Amino acid sequence: MPHHSTSLPMPSEPSGAWELIAAYRLSVVKFLQRKCRDIHQAEDLAHDTLIKAARYGNALAHVARPGAWLMQIAANVQRDFVRKEIRHRLLPPTDDLFHEVIGTEPIPGESPGANYYEVDGQRFAEDLLVAEIRELWNGMSVRDRTVLSSYYREGGSAELAAANCGIDRNLVKIRLFRARRRLEADLRRRLDRA
């Protein structure tokens with residue numbers, strides 16, 4: 001029975017690129033294992049990373065910081081894997097999370113067009129929530145309104161929101177987090193009184 005190797009095939013003419021990839025293999029696996037906590041998954045992702053790197057061939061010899069470059073590829077491969085897993089994850093009907101998903105179909109016996117949302121175990125009509133959020137929106141700081149509207153108007157792109165706001169992309173993320181947290185806290189207070 002022939003033995004099948006899972007390592008990358010060596011080119012017919014050895015080059016510095018293949019030795020470079022082989023030298024960083026264990027570092028890439030360890031890096032990915034810290035991210036995903038599963039050695040088998042880390043090895044699979046490392047294999048994908050090294051295949052992507054190998055596509056650059058002899059150009060690898062000209063990369064200034066090959067270790068950092070390979071780790072960036074590994075981080076991208078792992079992030080793409082997680083995104084794919086999230087998109088394809090299905091919740092079984094017995095899962096508690098399944099019952100928390102907001103349905104868009106009308107509840108039997110309720111008038112059509114009346115949408116309800118659950119917040120902290122209480123049901124609220126959509127029109128009440130929209131009215132409360134509009135009122136809160138008008139009372140928000142200009143900075144919070146600007147970052148929220150820029151981010152969501154641009155389809156959730158931090159880069160475009162940063163350009164619109166004239167600030168760094170990382171600052172957009174911080175301001176978004178804080179603005180959402182303030183809006184949520186204010187909405188919860190209003191709904192407690194409602």
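Figure 1. Glu159 is partly exposed, with a relative accessible area of 44% (buried means under 20%, exposed over 50% and partly exposed in between, with a 1.4 Å probe and protein chains only). The model is predicted: local features need pLDDT of at least 70, side-chain atom pairs count only at pLDDT 80 or more, and totals for chains, interfaces and linings use all residues. Residues are numbered from 1 along each chain as its sequence is written, and side-chain values use heavy atoms, with hydrogens and water left out. Glu159 forms a salt bridge with Arg169, with 2.5 Å between the closest N and O atoms (a side-chain nitrogen of Lys or Arg within 4 Å of a carboxyl oxygen of Asp or Glu). This pair links distant parts of the chain, ten residues apart: Glu159 lies in helix α6 (residues 158–165) and Arg169 in helix α7. Arg169 counts as partly exposed, at 33% relative accessibility.

**Figure 2. The salt bridge between Asp144 and Arg182.** The closest N and O atoms of Asp144 and Arg182 are 2.8 Å apart. Asp144 belongs to helix α5 (residues 142–153) and Arg182 to helix α7 (residues 169–193), 38 residues apart. Asp144 is buried, with a relative accessible area of 6%, whereas Arg182 is partly exposed at 37%. The structure holds six salt bridges.

**Figure 3. Glu184 and Arg188 within helix α7.** These two residues form a salt bridge, and their closest N and O atoms are 2.7 Å apart. Because Glu184 and Arg188 are four residues apart in helix α7, about one helical turn separates them. Glu184 is partly exposed, with a relative accessible area of 40%; Arg188 is also partly exposed, at 29%. Elsewhere, salt bridges that share partners join Glu132, Glu135 and Arg190 into one network.

**Figure 4. The aromatic pair Tyr151 and Tyr152.** A search of the whole structure finds one aromatic pair (rings of Phe, Tyr and Trp, the last by its six-membered ring, with centres within 6.5 Å; planes under 30 degrees apart count as stacked, over 60 as edge-to-face and the rest as tilted). The ring centres of Tyr151 and Tyr152 are 4.9 Å apart and the planes stand at 85°, so the pair is edge-to-face. Tyr151 is buried, with a relative accessible area of 18%.

**Figure 5. The whole protein.** The protein has seven helices and two strands (DSSP runs numbered from the N terminus: helices are H or I of at least four residues, strands E of at least two). Along the sequence they follow the pattern α-α-α-β-β-α-α-α-α. Of the 194 residues, 26% count as buried.
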